[in-house]
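User: Hi! I am new to this structure and would like to learn how to read a few of its features. Could you walk me through them?

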Amino acid sequence: MILVTGGTGLVGSHLLYFLLKENKTVRAIKRSTSNLEPAKSVFTSYEATPLFNKIDWVTADIMDVPTLEDAFIDVTHVYHCAAFVSFATADYHQLLKINIEGTANVVNLCIANNIKKLCHVSSVAALGESLNGNPISEETHWNPEANNNGYAISKFGGEMEVWRGSQEGLEVIIVQPSVIIGEGHWNSASGKLFTTIKKGIPKYPTGSTGFVDVQDVAQSLNLLMDSEIINESFVLSANNLSYQKIITQIATNIGIKPPKGAVQTWQLSLLSFFQKVAGVFTRKSPSLNKESINSLQKISEYNGDKITKTTSFTYNKIDETINRVSTSFKKQH
């Protein structure tokens with residue numbers, strides 16, 4: 001029996017499809033408040049709705065050990081995809097709790113239940129900054145002295161819990177995806193990029209980052225779990241693209257006028273200020289802060305070649321990924 005945490009999320013739902021496609025027996029965790037429709041829409045995009053009905057859904061929470069213990073019954077392999085993603089300063093403590101303590105709970109139960117292998121979905125956010133101008137890779141080590149945001153700190157802390165498990169005899173794999181592009185979750189994760197672009201973006205950020213197809217993330221997890229590779233980490237990033245290029249390509253594909261000019265840092269800072277003022281009355285955290293603005297304006301490059309050199313894995317072309325996901329988006333919007 002395979003257990004998938006975060007089965008209702010972007011990576012988890014695509015992973016479930018590929019596992020079930022291979023006739024594997026799968027159990028997935030959902031919280032009592034979880035909405036299964038986004039995950040179901042992923043199976044619809046694959047024209048595989050009958051497979052969705054084969055998932056053994058259990059109501060549990062990685063922060064609730066008793067329910068998590070029940071989810072581990074008869075399980076042999078675990079994919080830990082559950083995580084909290086936020087760059088809001090107000091969410092700092094919740095990020096640490098879910099992404100570090102929650103991962104520790106999963107690791108502890110893997111050890112207690114003699115799980116054969118744990119595959120953990122981390123993020124390139126857990127890596128350090130390039131010091132020599134080379135693309136960031138698995139060898140770019142975390143710098144605790146850097147100005148790290150809460151999400152990055154929480155993902156690095158989660159990885160430390162997984163490595164702690166490996167020292168206690170648990171066989172582990174960690175993947176560190178860059179920005180994931182995929183269909184089926186249009187109001188969360190990177191799917192929100194498509195809904196935001198549809199509303200119209202007047203200007204684009206000046207930065208760049210790495211991008212990877214959600215299918216690549218799911219299939220690499222499947223491949224690494226079935227391989228004899230253990231206690232290794234893999235950056236997953238197919239291409240480094242500017243925000244201008246990817247926003248323009250998505251906008252063109254979904255029939256929206258692309259932005260023509262670059263947004264300046266001071267303009268984003270001003271918008272962040274007004275969001276903070278509005279938040280006093282709406283009690284909503286601003287979507288922009290100093291860390292997120294710096295990220296949008298920064299040029300970051302990632303090297304995801306290790307997995308292609310270590311295994312038979314090859315990446316999908318990001319241009320084709322954007323075309324595919326845009327087509328799926330238009331069908332549902």
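Analyst: Gladly! Keep in mind that this is a predicted model. Let's start with a salt bridge: the side chains of Lys-306 and Glu-232 come together with 2.7 Å from N to O. This pair connects distant parts of the chain, since Lys-306 sits in helix α12 and Glu-232 in strand β10, 74 residues apart.

User: How many salt bridges are there by this rule?

Analyst: The count comes to 9. Another one joins Arg-324 and Asp-213, at 2.7 Å from N to O. Arg-324 belongs to helix α13 and Asp-213 to strand β9, so this pair ties together parts 111 residues apart in sequence.

User: Is Asp-213 buried or exposed?

Analyst: A residue counts as buried when its relative accessible area is under 20%. Asp-213 has 0%, so it is buried.

User: How many disulfides does a search of the whole structure find?

Analyst: The search finds 0. For a disulfide, two cysteine sulfur atoms must be within 2.5 Å. Take Cys-81: the closest cysteine sulfur, in Cys-119, is 8.9 Å from its own sulfur, so the two are too far apart for a bond. Cys-81 is also buried, at 12% relative accessibility.

Technical notes. Residues numbered from 1 in each chain as written. Predicted model: local features only at pLDDT ≥ 70, side-chain atom pairs only at ≥ 80, totals over all residues. Heavy atoms only, no water. Buried < 20%, exposed > 50% of the residue type's maximum accessible area, 1.4 Å probe, protein only. Salt bridge = Lys/Arg side-chain N within 4 Å of Asp/Glu carboxyl O. Helix = DSSP H or I, 4+ residues; strand = E, 2+ residues; numbered from the N terminus.
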